[in-house]
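These notebook entries record what I looked up in one structure.

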Amino acid sequence: MRKTGFIVISVIVIFGVIIIGCASPQVSATKIAIPPTSTFSPLPIAVSPFYNSESNQIGVGDFSQQLSTSDFQELTTVAQEMEKQRDMLTPEQMFVLAIKLFDIGDNDNAVYWFYEAQFRAKLFLIALDASHVGGIGDPSYELPTAYNAFTQLATEYINGYAGCDIENWINIARMVKDNNPKPPDLDRLFPGVVFIERSQWPLLNQQVAEGLDGLINYLSNNKASIQQQRKQNNVDARFCN
């Protein structure tokens with residue numbers, strides 16, 4: 001079990017995620033209230049309509065039922081099946097997988113899938129054709145808000161653990177970058193969403209990869225200061241035991 005306690009401190013944001021500590025996010029999602037001294041499992045996260053940890057409600061299309069399990073072996077099998085179909089996964093599927101893996105204590109794989117989800121979510125966002133973004137109810141409008149919510153609400157926990165071993169964090173980030181040399185078929189993943197010309201997708205994918213390079217370089221060059229700030233803010237005590 002992991003002890004909780006929500007602390008608002010200064011943050012450093014790289015690749016769209018918080019490196020140290022957490023902030024109170026203003027997003028269309030719910031951080032489920034629990035006493036600061038409680039232990040918990042699962043993580044108290046809800047992002048409508050895709051995931052609610054309190055009810056274990058999951059609505060991400062394929063794999064929704066399989067992801068509802070809390071059995072280590074069953075979820076490991078689901079993760080293996082999803083890895084085989086990685087090019088056909090949406091960010092919400094990967095975000096939920098990361099959260100569920102963290103719930104069962106498979107934290108390294110949780111970090112990996114969290115960054116895979118962010119990679120695809122960021123690519124989706126920058127590939128949108130701005131002239132065709134709809135309003136409320138349109139996936140081109142709703143999905144960016146949901147992906148931001150997943151990132152904001154899960155980052156405290158995922159990065160809280162990842163920082164326990166910065167070298168391992170760097171290795172996972174490199175693995176995610178290496179596993180995404182080219183963009184997936186966005187039109188097939190997101191039917192009904194209008195993207196910019198397909199010929200531009202590889203360049204956008206490269207830009208997302210460069211964002212991961214920025215994270216890797218930051219972690220590599222600032223290990224001592226990151227470790228010091230984590231210690232000062234009690235992050236290691238919360239996530240590294």
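I call a residue buried when its relative accessible area is under 20% and exposed when that area is over 50%, with partly exposed in between. The model I worked from is predicted.

**Entry: the chain as a whole**

I looked up the secondary structure and noted 10 helices and 8 strands in the chain. The chain has 241 residues, of which 48% count as buried. I then turned to contacts between residues at least 6 apart in sequence, and 70% of these join residues at least 24 apart.

**Entry: the disulfide**

How many disulfides does the structure hold? I found 1 disulfide. The partners are cysteine 164 and cysteine 240, with an S to S distance of 1.9 Å. I read -95 degrees about the S-S bond, which makes the link of cysteine 164 and cysteine 240 left-handed. Cysteine 164 sits in the loop between α5 (139-162) and α6 (166-178), whereas cysteine 240 belongs to the segment after α10 (235-239), so the bond ties together parts that are 76 residues apart in sequence.

Are the two cysteines buried, exposed or partly exposed? Cysteine 164 has 32% relative accessibility and therefore counts as partly exposed. For cysteine 240 I noted a relative accessible area of 32%, so this residue is partly exposed too.

**Entry: asparagine 180**

I next looked up asparagine 180, which is placed in the loop between α6 and α7. Its relative accessibility is 5%, so asparagine 180 counts as buried. What lies 2.7 Å from a polar atom of its side chain? I found the backbone oxygen of valine 176 at that distance from the side chain of asparagine 180. Leaving aside residues up to four places away in sequence, I listed Arg86, Glu116, Phe119, Arg120 and Asn205 as residues that asparagine 180 touches.

Isoleucine 58 is part of strand β8. With 15% relative accessibility, isoleucine 58 counts as buried. Beyond four places in sequence, I recorded touches from isoleucine 58 to Phe50, Tyr51, Ser64, Leu67, Ser68 and Val96. I also took the C-alpha separation of isoleucine 58 and serine 48, which is 9.3 Å for residues 10 apart along the chain.

Where does glutamate 54 lie? I placed glutamate 54 in the loop between β7 (51-52) and β8 (57-58). Is glutamate 54 buried or exposed? At 65% relative accessibility, glutamate 54 counts as exposed. Its C-alpha atom is 8.9 Å from that of leucine 43, and glutamate 54 and leucine 43 are 11 residues apart along the chain.

**Entry: the second largest pocket**

My last search concerned empty space. Such space shows up when a probe the size of a water molecule is rolled over the atoms. The second largest pocket contains about 160 Å³ of space. Which residues line the second largest pocket? I listed Val60, Asp62, Phe63, Gln85, Met88, Leu89, Thr90, Glu92, Gln93, Arg188 and Leu189. Two helices, α3 (91-103) and α7 (186-189), each contribute at least two residues to this lining.

Conventions
Residues numbered from 1 in each chain as written. Predicted model: local features only at pLDDT ≥ 70, side-chain atom pairs only at ≥ 80, totals over all residues. Heavy atoms only, no water. Disulfide = S-S within 2.5 Å. Helix = DSSP H or I, 4+ residues; strand = E, 2+ residues; numbered from the N terminus. Buried < 20%, exposed > 50% of the residue type's maximum accessible area, 1.4 Å probe, protein only. 1 Å grid on protein atoms, 1.4 Å probe; cavity = no way out; pocket = protein on both sides within 12 Å on 5 of 7 lines; lining within 4 Å. Points joined across faces, edges and corners; volume = space filled by probe spheres on them. Polar contact = N/O pair within 3.5 Å; in protein donor to acceptor, adjacent residues only side chain to side chain. Contact = heavy atoms within 4.5 Å.
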